Amino acid sequence: MADNTTPTIMKGLEGVYFTETKICKVDGAKGRLWYRGYSIESLAKNSSFEEVSYLILYGSLPNVDALGAFRNKLVSCMALDGKLVDLIKGLNGKMAAMDILRTIVSAMPAFSEKKVFQNENDERIEEAIEIVGRICGIVATIGAVSKNGNYTGPDSTLGVAGNILYMLNGKKPDEKTSRMLDVMMLLHAEHSSNASTFCTIVAGSTLADIYSAITAGICALKGPLHGGADEKALDMMKAIGSPDNTEKYIEEALEGKKKIMGFGHRVYKAYDPRAKVIKAYLEDIQNGSTLEVQTFTAIALRAEKMMVEKLGETKGIWPNVDFFSGPVYTYIGIPKDLFTPLFAASRSPGWCAHMLEYWQDNKLIRPLDYYNGQLDIPYVPIEQRK
Ligand SMILES: CC(C)(COP(=O)(O)OP(=O)(O)OC[C@H]1O[C@@H](n2cnc3c(N)ncnc32)[C@H](O)[C@@H]1OP(=O)(O)O)[C@@H](O)C(=O)NCCC(=O)NCCS
């Protein structure tokens, strides 16, 4: 032992507060979520991704003119430089969509008109708006290039979600689908100090530029314990194959101590309120969609019922935001490997807002680890080692 005092180690930083914030509140015990004081239910019902992004970044809801200008800025930033599109085309087929996104975001300053790392808060917000819009355009283009090799620029008559679908498919989406994606995006826009937001802040706390910080956030989001769970949850639904196989599959997985992706949460020990909103969509799309979507939907609802009965009240393991996303995204026409990149685009306002807030009173993040190995080991020259 290094010394005889053992500190309390909070594995995974569980239960540790590292900063104060006015951006987001998660009440894990009650299953409640607020962005800047507004409940997620009221935002999902009344707001849009653009308005929520404005709220998260500026701290208050915009008026009509401010929202219009903000939306135009975001949409214009979704247009990509030809060389950036070429970069995406060069990586297409060689890496997963999420890896392409990570690489392209780290290269974004090469295609930005502004200088990296602005000093004034207003300039930083401008930079953040550019990043949010650009990532949305990049994600749509990664999908489009993989689908048909083409780049379609944004249409100024559409909002961000509508443009993601337009740039992805080369045709304008219908209102219902576009609104569904809009709500999905706003539900993912922010979620306090989750792993990717924390990672963003850790990188930014060294006073690295915002592109580096956001790239760090994307790296953390990728994992299946975090944002990557949405793709894995759909993989499971595919593996189950038929609704009647659901209970047996879940039973065996739990007996084998496997985790069911899209369930459980570090903070929520109650039903994730975002999952409730998405579940309502599932009930809506159950009829009148493709057989594939109907099958995923039926499997998802049966799996949820069983998991909630088995592990809900007893272990505090409930569906999280990633469980029902797969069937909804499939209904909308989003390919599976774009789920997590789309999550990243949706979360980018949250990452940026936290970074900007933290920089207002920056402190390098540098926790301690408790060394429990040996000390002062005599050095043995290499020729004397066995
Ligand atoms: C999100 C997650 C990482 C939170 O984990 P955590 O707070 O570190 O909790 P743990 O992973 O230590 O899990 C605690 C217990 O619940 C169980 N558990 C947690 N999530 C579970 C799941 N999805 N399916 C089955 N059991 C689960 C663990 O096996 C563990 O059981 P034990 O006490 O008998 O060993 C975890 O719930 C998980 O891996 N979920 C699946 C991935 C996912 O959906 N991620 C997206 C989160 S938004």
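**Exercise 1.** In what order do the three strands form an open sheet, and is the pairing parallel or antiparallel?

*Solution.* The model is predicted: local features need pLDDT of at least 70, side-chain atom pairs count only at pLDDT 80 or more, and totals for chains, interfaces and linings use all residues. Residues are numbered from 1 along each chain as its sequence is written.

Step 1. Strands (E, at least two residues) and helices (H or I, at least four) are DSSP runs, numbered from the N terminus; two strands pair if DSSP finds at least two bridges between them.

Step 2. The order in the open sheet is E1-E2-E3, with antiparallel pairing. Strand E1 (24-27) and strand E3 (38-39) each have a single partner strand and stand at the edges, so one side of each lacks a neighbour in the sheet.

Step 3. Strand E2 (residues 32-35) is joined to E3 by two bridges. Trp34 lies opposite Ser39 in E3.

**Exercise 2.** Describe how domain 1 meets domain 2.

*Solution.* Step 1. The protein chain is divided into domain 1 (20-223 + 348-359) and domain 2 (229-331), with bounds from an automatic or database domain assignment. Their C-alpha centres are 26 Å apart.

Step 2. The contact (C-beta atoms, placed from the backbone, within 7 Å) takes 15 residues from domain 1 and 14 residues from domain 2.

Step 3. On the side of domain 1 that touches domain 2, at least two residues each come from E2, helix H1 (40-46) and helix H8 (175-187). H8 gives the most, with four residues.

Conventions:
Contact = placed C-beta atoms within 7 Å.
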